[in-house]
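Here is a short note for a first reading of this structure. Please keep the sequence and the 3D view open while going through the points.

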Amino acid sequence: MGGAAAVAVLIAAAVASAGPALGLRLRGRHREPRGGTGALTAAAAGGEACGGLRRVPAALGNSTHQCIFDDLSSSVSLSWVGDSTGVILSFGQSKLYRSEDYGKTFVDISGLINNTFIRTEFGVAIGPGNSGKVILTGDVSAGSRGGRIFRSTDFARNFIQTDLPFQPLVQLSYSPRDSDCLLALSTENGLWVSRDFGHTWVLIHRAVCLAKWGSDGTIFFTTFLNNSCTDLGFLELKKTSDFGSSFKVLGTRIYSFGLGGRFLFASVMIEKGPRRRIHVSLDQGESWNMAQLPSVGHEQFYSILAANEDLVFMHVDEPGDTGFGTIYTSDDRGIVYSKSLERHLYTTTGGETDFTNVTSLRGIFITSVLSEDNSIQSVITFDRGGQWVPLRKPKNTTCDSTARSKDECSLHIHASYSISQKLNVPMAPLSEPNAVGIVIAHGSVGGAISVMPPDVYISDDGGYTWARMLEGPHHYSILDSGGLIVAVKHSSQPINTIEFSTDEGQCWYRYLFSKEPIFFTGLASEPGARSMEVSVWGFRGSFFRKWVSYTIDFSELLSRTCEDKDYTIWLAHSSDPGDPSDGCILGYKEQYRRLRKSSVCRNGRDYVVTKQPSVCPCTLQDFLCDFGYYRPANQSVCVEQPELKGHDLEFCLHGRRELLRTSGYRKIPGDKCSGGESPAREETDMKKKCTSTLLSPSPLAAPRSPAAAVLAVGTALLLTAAIAVLLVKKYVCGGRFLVQRYSVLQQHAEANDAESIDVLSPPAPAKPGYHDDSDEDLLE
């Protein structure tokens, strides 16, 4: 971290929820006495006492900073300026505050924006990386012809007011190549660009529905021809590489488009009937290939769950109101797809899916499936979708009433879907790339996800094994690259205690950060999990709220910098140390340098994950099921799809028809194995042209393929009906539209003396990175 990035910047905006803004009183750098006697308790996750840390009350008491905000705002939102720098804190709109010490003190800089209200829905746009750029969008009167923005290039130390010649419809977007270049979509569907960081703007195209930056600064966008962006399937896809000096039409009959990794996707209408097909381009739309996925009807949808440079996870909705679909994984061209997981839970209730990328170890994803009895169960893959298995039952836990056996069950993870259904789940699963192997999540142990308040579980090996970390729902955060974990209990009652662990959740210390409890609303820590500071946010009072934050700096407690003796070598994905192939995943092993659990020290901001890879011989575990094959549940071998038996497996590649002869396996994209097994696979050029004409301006016949004709994939229109779902012992859903009957849930909770399920409505989790609700096919 260098230059301006070394400064932590916190901006706070405040406004009353109704009427004019009230005065805001800030008490920066106030070190409140340590919660009475500075009481500290310690306990292991299993319940036994533990110790090891000394001087905790004194160290943390001297490093606890309180700020009080007298305001009637109903919410607080946080955004960080730059990479590992600071936060923006919003109490609505009218006040703006800035901090350079991680929120310990604040300076009122509202005058820099002329006390202008900031828009609540997309009022803050942070520049990429450590550019230090911030754009605030003002909330101007409805009758105004244009909008107003405030621009900063120095981490919000100063702002320049700029009046816009248009009203922005969505948040201003930075070019990934040059942060001085911006694009905006107006309320009148005009596409505007700026090349001088918003100082001047040029209208480059009208009738635009959606616009996105490409990785090289190219702008891709769709335009309507029939006076409405709602005419999905009748849009044009265009691009410009010179900021509107010239345009190229990439396709017509477009339903939606999206970018993922190096892939450009388009969902294209077939001229006969209301069906669509996915097309993919690797050269920014200059040429297209039809993805070997089924076409879909108007009641289905496609969704890109994840995409990088060599692999795409694509969800294909099942016909009808099933609430589930199939996950397909691509080859490194994004053209040939194989079934990865059937009955994948994905409803249109807000487009919620539990699909989660475990970022702390490569190749690992967790999601949920809808079983035949309509209960919801969690599964995990360690090889990028090659095989999915249940999560292992944590040690020293018992199976709940959803299990058929008291001894045989598994762990089930609560994620976005549980949160959307208002279960008592305050946070989605959490992992960080620099906290190797650590995964934290709410879950239940049984035969399926339970509606009872969950406990918090932790894995230190990427999800292979789990342990119960905390009892009951909690908010949690990873600090110091995994060397420190903090948590606060999720409760409807005021709290004044924070819990923390220095050994990956084995032993927990409880620190009273305040004598007077607060109604807790959230934890805030610097993105990137490198910080030693965490802020506890909340308020006092019921009708007239007084917002308060406590920023706790753990660097004085963990003052010693870790040395070589504090680290150990750890083999990832290890399950059988005696096996020569132990740890081989995606063709190679990785040995990491990890902090010992017993070491009480800090990694520091400059900590870098170090690993040593070694290539493995190929086995069948290095191969996905090929096009036309799939792995049945709980099986490792690939079998032919029944509907494709007896058909030639043909597909179109670069305008030529290819015949695929396969034994059922293809190498996982990105797999680096060498030698060993090599299942037979051959693609033969049939010397026939097969370029897809669906993107052509003139209506031409769709290409036929016996294999493609029987595959079924989907894309979804937003539907208006809702189907009630009854949840008793198991978390059961019977259709796509899942609306809870809270009275039944409440009775079930009360019958078990459980805490109220509708406590402190949790914030909606961040959508997975490739979801985009602006089009019905989520090809973001």
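1. Start with Arg384. Leaving aside neighbours within four places in sequence, Arg384 is in contact with Asn308, Asp310, Leu311, Phe313, Thr329, Gly363, Phe365, Leu586, Leu624, Ile668, Pro669 and Gly670. Note that this is a predicted model. Arg384 belongs to the loop between strand 29 (376-381) and strand 30 (389-390).

2. Is Arg384 buried or exposed? Its relative accessible area is 10%, and buried means under 20%, so Arg384 counts as buried.

3. Phe355 and Phe365 form a stacked aromatic pair, with 5.3 Å centre to centre and 25° between the planes. The pair links distant parts of the chain, 10 residues apart: Phe355 is in the loop between strand 26 (337-345) and strand 27 (356-357), while Phe365 is in strand 28 (residues 365-370). Phe355 is buried, with a relative accessible area of 6%, and Phe365 is buried at 8%.

4. How many aromatic pairs does the structure hold? The count is 18. Another of these is formed by Phe166 and Trp201, which are edge-to-face, at 5.4 Å centre to centre and with 75° between the planes. Phe166 lies in the loop between strand 11 (160-163) and strand 12 (173-174), and Trp201 in the loop between strand 14 (191-194) and strand 15 (202-205), so that the pair links distant parts of the chain, 35 residues apart. Both Phe166 and Trp201 are buried. Ring pairs also bring in Trp192, giving a cluster of Phe166, Trp192 and Trp201.

5. Trp192 leads on to a sheet. Trp192 is in strand 14, where it stands opposite Ala184. Strand 13 (residues 182-185) and strand 14 run antiparallel and are joined by four bridges. They belong to an open sheet of four strands in the order 12-13-14-15, with antiparallel pairing. Strand 12 and strand 15 each have a single partner strand, so one side of each is left without a neighbour in the sheet.

6. There is another open sheet of four strands, with the order 31-32-33-34 and antiparallel pairing. Its edge strands are strand 31 (410-413) and strand 34 (467-470), each of which pairs on one side only. On average, neighbouring strands of this sheet are turned by 55° against each other, direction ignored. Within the sheet, strand 32 (residues 439-446) and strand 33 (residues 455-459) pair in the antiparallel sense over five bridges. His442 has Val456 in strand 33 as its bridge partner.

7. Charged side chains also lie over rings. Arg362 lies over the face of Tyr588, at 3.6 Å from the ring centre. Lys212 lies over the face of Phe257, at 5.0 Å from the ring centre.

8. Finally, the protein as a whole. Its secondary structure comes to five helices and 54 strands. Of its 780 residues, 57% are buried. Among contacts between residues at least 6 apart in sequence, 58% join residues at least 24 apart.

Definitions and conventions
Residues numbered from 1 in each chain as written. Predicted model: local features only at pLDDT ≥ 70, side-chain atom pairs only at ≥ 80, totals over all residues. Heavy atoms only, no water. Phe/Tyr/Trp six-rings, centres within 6.5 Å; stacked < 30°, edge-to-face > 60°. Helix = DSSP H or I, 4+ residues; strand = E, 2+ residues; numbered from the N terminus. Buried < 20%, exposed > 50% of the residue type's maximum accessible area, 1.4 Å probe, protein only. Lys NZ or Arg CZ within 6 Å of the ring centre and 35° of its normal. Pairing = 2+ DSSP bridges. Axes fitted to C-alpha atoms, helices over the stretch in contact; angles between N-to-C directions. Contact = heavy atoms within 4.5 Å.
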